[in-house]
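Here's a quick tour for anyone opening this structure for the first time. Have the 3D view ready and follow along.

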Amino acid sequence: MTDPARAHVLPDPATEYGRTVRRRLAQEEIVWLVTVNAAGVPQPNPVWFLWTPDEDDEWGDGSFLIYHSDTAARLRSMTERPTVALHFDGGVHDLEVAVFTGDVEILDGHPPIGEVPEFVAKYTDRAAKYFGKTVAEAMEKYTVATRIRPSKARGF
């Protein structure tokens, strides 16, 4: 059960907006990850992700699992400045805007992307369509797993 003293991050699931956010977390294939480089310039990158709701949280709060290449500039930025933002495209679904902020945790020893069944299931069609490969093949250079647990969500 959820700790009643813990503040929830996602909007109330009883509201239309709360249901919209949860639908997008479950169904969207791309989220924009925004890091900040050493010069202080925001660096948005579209990334594949897996939303993982906390098992003991009936509210649906959870975290983003995202893989990166070990040579990606954003990985260095996240290591030096671990607070990031994530958001979905806003215009595709009217104005269903959702912006999340949180800190990045690098997951040493996390299974490779091809060994995460939920990730493989979510991206099998996209990997085949755009790369002509399996998820594991398409993402073989993305070996660094990160988890971003939102500390704040906003939108409308």
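This is a predicted model: local features need pLDDT of at least 70, side-chain atom pairs count only at pLDDT 80 or more; totals for chains, interfaces and linings use all residues.

What follows is a walk through confidence, the core, the aromatic rings and the charged pairs.

The start of the chain is another story. Over residues 1–5, pLDDT stays under 50, and the model has six contacts there beyond four places in sequence.

## The nonpolar core

Now look inside. The largest nonpolar core is made of 34 residues, and Phe64, Leu86, Phe100 and Phe119 have the most contacts within it. Strand S4 gives this core its largest share, four residues.

Which residues does Phe119 touch, leaving aside neighbours within four places in sequence? The list is Trp48, Phe49, Leu50, Leu65, Tyr67 and Ile113.

## Rings that meet

There are nine aromatic pairs to find in this model. One of them, Trp48 with Tyr123, is stacked, with 4.4 Å from centre to centre and 5 degrees between the planes. This pair links distant parts of the chain, 75 residues apart: Trp48 sits in the loop between strands S2 and S3, and Tyr123 belongs to helix H3 (residues 117–131).

Phe88 and Phe100 make an edge-to-face pair, with 6.2 Å between centres and 90 degrees between planes. Phe88 lies in the loop between strand S5 (83–87) and strand S6 (98–106), while Phe100 is in S6 itself, 12 residues apart. Phe88 is buried, with a relative accessible area of 3%, and Phe100 is buried at 1%. You've already met Phe100, as one of the core residues with the most contacts.

Some rings gather into a group: Trp48, Tyr67, Phe119, Tyr123 and Phe131 form one aromatic cluster.

## Salt bridges

On to the charged side chains. How many salt bridges are there? The count comes to four. Among them is the one between Asp54 and Arg149, 3.0 Å from N to O. Here, too, distant parts of the chain are linked: Asp54 is in the loop between strand S3 (50–53) and strand S4 (62–68), and Arg149 is in strand S7 (residues 144–155), 95 residues apart. Asp54 is classed as buried because its relative accessibility is 15%, below the 20% limit. Arg149, at 40%, falls between the 20% and 50% limits, so it is partly exposed.

Arg24 forms a salt bridge with Glu28, where the closest N and O atoms are 3.1 Å apart. Both Arg24 and Glu28 are buried. Arg81 and Glu80 form another salt bridge, at 3.2 Å from N to O. Arg81 is partly exposed, with a relative accessible area of 27%, and Glu80 is also partly exposed, at 48%.

Definitions and conventions: Residues are numbered from 1 along each chain as its sequence is written. Side-chain values use heavy atoms; hydrogens and water are left out. pLDDT is the predictor's confidence in each residue, from 0 to 100. Contact means heavy atoms within 4.5 Å. Buried means under 20% relative accessible area, exposed over 50%, partly exposed in between (1.4 Å probe, protein chains only). Helices (H or I, at least four residues) and strands (E, at least two) are DSSP runs, numbered from the N terminus. A nonpolar core is a set of buried Ala, Val, Leu, Ile, Met, Phe, Trp, Tyr and Cys residues joined through side-chain atoms within 4.5 Å. Rings of Phe, Tyr and Trp (its six-membered ring) pair if their centres lie within 6.5 Å; planes under 30 degrees apart count as stacked, over 60 as edge-to-face and the rest as tilted.
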